[in-house]
Amino acid sequence: MTDQQPERADVVAALREEATELVARIPGPLHKLSVAAGDSVVTVEWAEPDAAPPATNGTAPAQETPDDDDRVAVTAPLVGTFYRAPEPGAHPFVEIGATVDEEQTVGIVEAMKLMNPVTAPRRGTVAAIHVHDGEMVEFGQPLLELAPEPADA
Amino acid sequence: MFEKVLIANRGEIALRVIRACRELGIRTVAVHSTADADSEPVRLADEAVHIGPPPARRSYLYVPNIVEAAVKTGADAVHPGYGFLSEDPYFAEICAAEGLTFIGPTPEVMRLVGDKATARRLMADAGLPLLPGTTEPVGDADEATAVADDIGYPVVLKAVAGGGGRGIAVVPERDELPDVFQRTRAHAQQVFGNGALYLERYLRRARHVEVQVLADAEGTTIHLGERDCSVQRRHQKLVEESPSPAVDEALRARLGEAAVQGARSIGYRGAGTMEFLLDEDGAFWFMEMNARIQVEHPVTELVTGVDLVAEQLRVAAGRPLTIAQDDVVLRGHANECRVNAEDPDNDFLPAPGRLDVFVPPGGPGTRVDTHCSAGATIPPTYDSLVAKVIVWAPYRQAALDRMDRALAEFRIEGAGVRTTIAFHRRVLENPVFRKGDAATDFLETHMT
């Protein structure tokens, strides 16, 4: 049996790694986590997040860690359709983790065929994106969240 | 019939339109500012779109967000209510350009009627009686003085782009004219974006009698009798009733005929109101036309049994009116009081706030049109109308007694909240009003 033990250690390590990664990626607060080794099970349960539109074309809204008071929401300044990229097929203006400068364009809200840029109110990193590409937005609707940039060492 | 209508308004009229839509099986979209996010129209509509912060110019008057909301929610039509964009031809045009049916007259008709000097000219051409005055704006104070000398004082200066009783200034005598002219022009420029004024003889004592009209796409135009709105404060209506105590069957027929003639002559469609002044000799004079549904429309609904908002929706959807002129019979008497959040003991200063207690009246012949409820907050940003109490009874005295009964039951309480309920009850018990003799000078003459 001794030669199974290193294998088992690997499995456990792998499971732990898997569980940690999953927990880091869930879109809501963690409710339950179970890991097993024999027949390898990993179960993760989380609470319904506040704004969770279903993922459609791969641009799913990313997670947010709650209770971060330094976060700033970037909200829709008008009623229209939110676009993440300057035009169809182009790269999105920002992704999760991107650092943005104050007034940098992070998206577009189209209304009456006019493209209105949405700009970052201050410097920061994109911590969450709440709205899908092509989704209709209301005035004041949260589009993105910016976390403060990590302080320079 | 429309599948979905967006209501470009708030408060009690938004609720009124939503109710008419629901009865016709039409889905509704409410637009709201941040201040109205928890309001009853938003709760009752099938969908709601947050269109801006509290200030009206960035929400209920902000055309791009409203039109975008209509287009993106797939609305077929837009109902503008009263006030806000209801008489804005630019808004009506944009709606049409975006494939939305605007529930109201065409932009062209709106422009004609919205310029009050032009409206005077058109109605004169249609054969309606007009008070002596100008049908073009007066260029300057000298021209105004020349005209006024000719007509005789007192005269009244009115903004051509005015509405809702604003932009009106009386000139009692000649030497006051230049000053009043400059002030009124400046005021009109600031408030309406248009300083042009016209001039008219002023009747110190007259009755404000307005006629409700309805016209469909085929051009069938009917009238639904008159409303007497003489009890006003600073040209703002406070109490309305139908029929008018000063109008008999013969006069009603003549007023109705004039109103229909005027509406027909400009190709009017939808619901509208022709305002007249009835002088002490029983002669009537065209004042202005309101090309929208009005605050006091329930008064006519109660005496005729006609749902005016439903007719608006039908007409806009291309359907004929559901009634003919011969079907219109005024039965009984209806009376409306506008309960405002204002302090009558403090010059009617607005007194909004959170409503801790809100128990409207009920019972026979009693209708309350309101968007308010206990726990709601009256925002300070908009008009002060809290509720319209409308009663019906078989004859006038019974209606006045019923209104007093209803107002006495109405409980509205909140920190800092004052209403005009007690004031309305004083109007109702005033002997001149009771007799049916209240004219436009009623408040200042009999109720100070």
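Which strands of chain B does helix 12 lie across? I looked this up in a predicted model, in which local features need pLDDT of at least 70, side-chain atom pairs count only at pLDDT 80 or more, and totals for chains, interfaces and linings use all residues. Residues are numbered from 1 along each chain as its sequence is written, chains are lettered from A and ligands numbered from 1 in the order in which they are written, and side-chain values use heavy atoms, without hydrogens and water.

Entry one: helix 12. I found that helix 12 (residues 396-409) of chain B lies across strand 11 (236-242), strand 14 (333-340), strand 18 and strand 19 of chain B. Helix 12 runs at about 140° to strand 19. Helices (H or I, at least four residues) and strands (E, at least two) are DSSP runs, numbered from the N terminus. Angles run from 0 to 180 degrees between N-to-C directions, with axes fitted to C-alpha atoms, for helices over the stretch in contact.

Entry two: the sheet. I traced eight strands of chain B in an open, antiparallel sheet, in the order 13-12-9-10-11-14-19-18. Its edge strands are strand 13 (284-290) and strand 18 (366-370), each pairing on one side only. Two strands pair if DSSP finds at least two bridges between them. I noted five bridges between strand 18 and strand 19 (residues 385-393) of chain B. Thr370(B) stands opposite Ala387(B) in strand 19.

I examined Ala141(B), Ala144(B), Thr145(B) and Ala148(B) of helix 7, which meet Leu177(B), Pro178(B), Phe181(B) and Gln182(B) of helix 8; contact means heavy atoms within 4.5 Å.
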